[in-house]
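Me: I have a protein model open and want to learn how to read it. Can we go through it feature by feature?

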Amino acid sequence: MPRPSGPARLSLLYAVVFTEIGIAMPFMPLWLDALGLNAAVIGVLLALPIATRIAATAPLMSLLDRGLGPRRMILAGSLVLSLTYALMPGAAGIGWPLLAVLIVLNAVAGSPLVPCIDYLTLAAVRRDSRLAYSRIRMAGSIAFLLANLAGGFLLSALGGKLAVPLLLTGLALGAAMVAWRSRSVTGLPHSEAGAGRPKLPASLWLCIGAAAAIQASHGAIYGFGSIYWTSAGIPAAWVGSLWAVGVLSEIVLFAAMPTLSAAWRSPVRLLSLGAAAAILRAVGMFLIGDRLAALVPLQCLHGLTFGATQLGAMAAVSAYAPDGARGRAQGTLSAVNASIAVVATLVSGFAYRAGGPLAFLLMAPLAAAGLGLALASRHPAGVRTDTNRQP
């Protein structure tokens, strides 16, 4: 049997890592609650990974520019993830402070995984113009959706307080195995010893800010969408279906993107589409977000608010990041995304408590700021504009 190609291995990496994310995101809070921890401790334990990723991602990703192989980072990170997940049940029995230490180590190990796979995928796309970032990345979205849909049934079948961490341990080991087998997947040139540290150009910084602002505008709907819908009388089964509609729209966009003209795959165009859709979605959620018939098309906008924004950010890194700084660019994008998202989520929490659906409307100015930054990022003459190899 022939060995899978580089793009196939990258798709498999996305699938395994996003399956782990698709289990951890909805079910780790439930596992912490099943331990009998009080709400304040659970809040601290859930906030720790976010703060850790903000601090750890950019420094770790900058190591790629100094010669550390991204495959090795994925392998090491996945192994540490599996070890920390495996130790969590025992640590929880000893006390939550020890569990907190493991959660921080887990977040450090996991923080560079998706940026590293993005880095490798963009490198593959730059080497072979026949490849499309969106088609490879699509495997992660499909896996995330399937994990959301199947995770509850699987965990119910496994039962017990060990199910979540043990399942995540297995998935992290799977990612390590795929990374270990992906020797043919390589990155991009790194800075030579003694060479100056390349600066990230202003156009890239503007695109990073735009992408972060647009993605952060999801804060209210991610945090309080389900709560608002159920309070409006929408059945729980439909709430799950609405989230599935959003991810499906994202998958459709990723699949269709290579068929669009190069002009529509430019960073400015994609980020602007994402921002405009985010403004429309925020206003729509405020005005008619309690009506099921309106929510289906509003959730379809997720394909643009998340998907087009993600592709625009990757297109910007591909087009504007200089050789020797691509790892740092990828890490900076992730760290800035997380930083603004934390602030937006906190603000939306206070706003939802004070004014309910007003929290959704407050995300519109954030998306508008992203639109302004995207339009301001139009590159000056002389910057490479070839988009054939962009997502």
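This is a predicted model: local features need pLDDT of at least 70, side-chain atom pairs count only at pLDDT 80 or more; totals for chains, interfaces and linings use all residues.

Reply: We start with helix packing. Two packed helices are described by the angle between their axes and the distance between those axes. Take helix 1 (residues 6-34) and helix 3 (residues 70-94): they pack at about 25°, and their axes are 14 Å apart. That angle makes helix 1 roughly parallel to helix 3, because angles under 35 degrees count as roughly parallel.

Me: Which hand does the crossing of helix 1 and helix 3 have, left or right?

Reply: The crossing of helix 1 and helix 3 is left-handed. Now look at who makes the contact. Helix 1 supplies L13, E20, A24, M28 and W31, while helix 3 supplies I74, L81, Y85, M88 and P89. Sort them by class, and this contact of helix 1 with helix 3 has nine nonpolar residues, no polar ones and one charged.

Me: How do helix 1 and helix 2 cross?

Reply: Use the angle and the distance again. Helix 2 covers residues 39-62, and its axis comes within 10 Å of the axis of helix 1, with a crossing of roughly 145°. The crossing of helix 1 and helix 2 is right-handed. From helix 1, P29, L32 and D33 meet I42, L45 and L46 of helix 2. The classes here are five nonpolar, no polar and one charged.

Me: What is the angle between helix 11 and helix 13?

Reply: Helix 11 (residues 267-288) and helix 13 (residues 302-320) pack at about 155°, with axes 7 Å apart. So helix 11 is roughly antiparallel to helix 13. Their crossing is left-handed. Among the residues that meet are L270, G274 and R281 in helix 11, and T305, A308 and Y320 in helix 13. By class, the contact of helix 11 with helix 13 has 13 nonpolar, five polar and one charged residues.

Me: Next, the inside of the protein. Which residues touch the most other members of the largest nonpolar core?

Reply: That core has 84 residues, and L45, I74, M88, L99, L168 and L204 touch the most other members. Helix 1 gives the most to this core, with 13 residues. Skip its neighbours within four places in sequence, and L204 is in contact with A316, V317, Y320, A321 and A329. There is also a second, separate core of 22 residues, which includes A216, W229, L242 and M363.

Me: How many residues separate S82 and G170 in sequence?

Reply: S82 and G170 are 88 residues apart in sequence, yet 7.0 Å apart in space, C-alpha to C-alpha. Now step back to the whole chain. Take contacts between residues at least 6 apart in sequence: 85% of them join residues at least 24 apart.

Me: How many helices and strands does the protein chain have?

Reply: The protein chain has 16 helices and zero strands. Burial can be read for the whole chain too: buried residues make up 51% of its 391 residues.

Key: Residues are numbered from 1 along each chain as its sequence is written. Side-chain values use heavy atoms; hydrogens and water are left out. Axes are lines fitted to C-alpha atoms, for helices over the stretch in contact, and angles run from 0 to 180 degrees between N-to-C directions. Helices (H or I, at least four residues) and strands (E, at least two) are DSSP runs, numbered from the N terminus. Angles under 35 degrees count as roughly parallel, over 145 as roughly antiparallel, 65 to 115 as roughly perpendicular and the rest as oblique. A crossing is left-handed if the near helix is turned anticlockwise from the far one by less than a right angle, and right-handed if clockwise. Contact means heavy atoms within 4.5 Å. Ala, Val, Leu, Ile, Met, Phe, Trp, Tyr, Cys and Pro count as nonpolar, Asp, Glu, Lys and Arg as charged, and the others, Gly among them, as polar. A nonpolar core is a set of buried Ala, Val, Leu, Ile, Met, Phe, Trp, Tyr and Cys residues joined through side-chain atoms within 4.5 Å. Buried means under 20% relative accessible area, exposed over 50%, partly exposed in between (1.4 Å probe, protein chains only).
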